[in-house]
Structures are given as C-alpha cells and as structure tokens.
Amino acid sequence: MKRLYSVRMRAERGRAHISGAEGIFEENDIGRTVLAYVGRALRHSKGAPDTLKLKVELIRRPPAFISALPVFTLKTRGPADARKKAAGLLARAGVSGRAVKKAFGILSTGGMRGAALIDSEGGGRLEPDKTRGVRASMLGISKGAMRRLTAALSQKNLDHPRVKDALVLASKVAAGPGIAAELCISDDPDYTTGYVAIPALGYIRLPHIKKRGGLEGGRVFFMTKAVAAAHLIRYLEETPVMVGKISEIGDIITLHGLEAPHNHHKPGGKKILHKKD
Ligand code: COA
Ligand code: AMP
C-alpha cells in the first residue's frame, strides 16, 4: 500500500482561530492539497489570517475505512423550530432532555476550541479540558469517494467544501465507540445551517438554526457512559479514519420522512468497515 500522509492546515489572526482543514492523501497529492488549503484559508469569510500553519505527517498505521453518513435536510421555519427539531432528533438517539438543554447552553456561549463531550443520559461533561473540548482529527476521504460525493451533492445544490468537511468529520465521529449523536452549529456568523448526526439515521442538516450575524456556535458529542471517555477521545484525536464509501444524499424532508432508520453506517452493529472503496 502507498504511504499516506495527514495534511492539516489552520489559519489564525492574532490568537483567534479563523479556519482549519485536513485530509489524508497519497504523497503525490500533497502539493495540490496544500495549495488548495492555502487558497481556502486566504479567502475565508471570517477574514484574512495573519498566520497559516501547515502540518504534513506520515500516517504510521493503515486507516480504518468507513461509509459516510447519509445526508438529509430538514424543513425548518427559523431558529426556534430548528432547535425544537434538533431536540426531537436527539431524543430519538437516546439523548435525554437534560443533556440537550446542557448542549444548547454550551453552544449559545460558544468560544470552544473543540467539541464538548456530554453524557447522553445525565448531561454531565466528560472531557478533561472544558475550555478546549475534544477535537476530531486524523480524518479524510478517498479520491473515489470524494468524486462521487461531489457529484451527488452537486445534484442537490449542496456541493460546498464546508458540507463535505463536516460530513467527513461527522462520519468519523458517528463511527466512534460510545457515540450516540452530534449537534453542530457553526460559529461563522454567515453560516446558519447546523446539523444533528446520528449513527443509525444520518447527517441531518438544519437550516436557519441561528440568526445571520450570530456569534454563537460549537459542537457537542453525546456519548454513553458505557464506554470510557478516554477511549473515545483517543479514537477521535488519533485513529486515522477515511471515508471510503458514500451513502444516500437525500432531499429536503420533514421529520416523518426520517422514520426508517438507516443502518448502513454500522452494518451488523459493527462500528467500522474495513473494506476499502
Ligand atoms: N478551533 C480553535 N482552535 C484550534 C482548532 C479549532 N478547530 N484546531 C486547532 N486549534 C488551535 C488550538 O489552540 C490548538 O491548541 P490546543 O490543542 O491546546 O487546543 C492548536 O491550534 C494546535 O492544535 P493541533 O491539534 O495541534 O492542530 P493541528 O494542526 O494538528 O490540526 C486542525 C488543526 C484545524 C486541522 C484540526 O484541529 C481540525 O479541526 N481538523 C478538522 C478540520 C475539519 O475538517 N473541520 C470541518 C469542520 S466543518
Ligand atoms: P465550524 O464548523 O468550523 O464553524 O466549527 C464550529 C465549532 O466546532 C467550533 O467552534 C469548535 O467548537 C468545533 N470544532 C471545530 N473543529 C473541530 C474538530 N476538529 N473537532 C471537534 N470540534 C471542532
């Protein structure tokens, strides 16, 4: 097998994080990836960075291959409706009302450097550093899967690096040990579509979850206490995972349209597929 590298970029202004991107690539794709990341960082909607940092790191163990979550978009009427629907979806994933309330409190404060890790039943925080949170990293998508994802998203007018990056991240997170669900609201004031990701349901986009111009946002990973938080954190931050297959890119639907659970992400209850694309 060819050698694979994790390529990671982050852009800052002063000490503030402006943007980040990462992927897993073969050696001959590193150059064009770096160029693309630099271009993206310099044209970010949060403004120009003063520092751009790039890391290229050899991946020393073969990545695990997973399927992307299927993608759906829920019809929402505004922030209150979108948040109510997010809460309904999270309840379906077994997340308690208390944990949902805690999550929305964290997202309305914002300012974290990663995701909050919350006990899906009791609502307690499980990560060691509550200002930093935990970050999903060491992730990517194969060239073939990226080609098919671009084509499928284009058909629904959703082909944007932000959607692709978030889907790859959410798919790695959903395949993690103990993960019940993820809730995300971007902290970008211009981006008002959030999502809930649930392993057996999919990546469910929630337009209008915040008002344009809002500075709040962040991510919350809900996990069951049956798994040790340290085990999940090691997986999220260190285990190389690549999306090798894509799933359905669905239409705009109502909550009823989500009735049938999608189980292709964890077939047979397995967390991770090892079969390459
Ligand atoms: N937000 C805010 N600060 C961040 C950050 C983020 N997303 N990622 C890194 N930083 C800052 C922090 O200060 C961090 O120090 P800390 O660990 O004490 O918090 C410091 O940079 C170094 O972080 P490190 O993990 O060493 O960075 P890295 O170069 O290995 O990876 C990223 C940086 C941005 C590529 C990675 O963190 C990431 O977010 N990857 C996912 C990117 C992606 O696809 N996002 C999709 C979202 S739609
Ligand atoms: P964004 O989707 O880039 O607008 O990020 C929204 C929020 O997600 C940020 O404010 C962070 O709290 C969190 N976040 C960003 N990157 C990661 C990551 N790699 N893993 C977990 N959480 C992240």
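This is a predicted model: local features need pLDDT of at least 70, side-chain atom pairs count only at pLDDT 80 or more; totals for chains, interfaces and linings use all residues.
Biologist: How many bridges join β1 to β3?
Modeller: Eight bridges join them. If you want a residue to look at, M9 faces L54 of β3.

Biologist: Good. Let's switch to ligand 1. Which residues come nearest?
Modeller: There are 16 residues around ligand 1, and R8, R10, E22, R113 and R135 come nearest.

Biologist: How far is the side chain of R8 from an oxygen atom of ligand 1?
Modeller: An N or O atom in the R8 side chain is 2.7 Å from an oxygen atom of the ligand. R10 also has a polar side-chain atom by a ligand 1 oxygen, at 2.8 Å.

Biologist: And E22, which kind of ligand 1 atom does its side chain lie by?
Modeller: A nitrogen atom: a polar side-chain atom of E22 lies 2.6 Å from it.

Biologist: How much of ligand 1 does the protein bury?
Modeller: The protein buries 73% of the 890 Å² that ligand 1 exposes when taken alone.

Biologist: Which helices or strands supply at least two residues of that shell?
Modeller: β1 (4–13), β2 (16–26) and α5 (161–174) each do. β2 gives the most to the shell around ligand 1, with four residues.
Modeller: Nine are charged, five are nonpolar and two are polar.

Biologist: Which domains does the shell around ligand 1 draw on?
Modeller: Domain 1 (4–58) and domain 2 (64–258), with at least three residues from each.

Biologist: Change of topic: what is the order of the seven strands in the other open sheet?
Modeller: The order is β6-β11-β8-β9-β10-β5-β13, and the pairing is mixed. β6 (115–119) and β13 (249–253) are the edge strands, each pairing on one side only.

Biologist: How much are neighbouring strands of this sheet turned against each other?
Modeller: By 15° on average, ignoring direction.

Biologist: Do β6 and β11 pair in the parallel or the antiparallel sense?
Modeller: Parallel, over five bridges, with β11 covering residues 218–223. In that pairing, A115 stands opposite R219 of β11.

Biologist: Now ligand 2. Which residues surround this ligand?
Modeller: The shell is made of M112, G114, A115, V134, R135, A136, L169, S186, D187, G218, R219 and F221.

Biologist: Where are the polar atoms that lie by an oxygen atom of ligand 2?
Modeller: G114 places a backbone N or O atom 2.8 Å from a ligand 2 oxygen. In S186 an N or O atom of the side chain is 2.8 Å from an oxygen atom of the ligand, and a polar side-chain atom of R219 lies 3.0 Å from one.

Biologist: How much of ligand 2 is buried by the protein?
Modeller: Taken alone, ligand 2 exposes 480 Å², and the protein buries 78% of that.

Biologist: Last one: which element gives the most to the shell around ligand 2, and what classes are the residues?
Modeller: β11 gives the most, with three residues. By class, the shell has six nonpolar, three polar and three charged residues.

Methods
Residues are numbered from 1 along each chain as its sequence is written. Chains are lettered from A and ligands numbered from 1 in the order in which they are written. Side-chain values use heavy atoms; hydrogens and water are left out. A residue is near a molecule or strand if one of its heavy atoms lies within 4 Å of it. A polar contact is a pair of N or O atoms within 3.5 Å; within protein, one must be able to donate a hydrogen and the other to accept it, and residues adjacent in sequence count only if both atoms are side-chain atoms. Accessible areas come from the Shrake-Rupley method with a 1.4 Å probe; for residues, only the protein chains shown count as cover. Ala, Val, Leu, Ile, Met, Phe, Trp, Tyr, Cys and Pro count as nonpolar, Asp, Glu, Lys and Arg as charged, and the others, Gly among them, as polar. Domain bounds come from an automatic or database domain assignment. Two strands pair if DSSP finds at least two bridges between them. Axes are lines fitted to C-alpha atoms, for helices over the stretch in contact, and angles run from 0 to 180 degrees between N-to-C directions.
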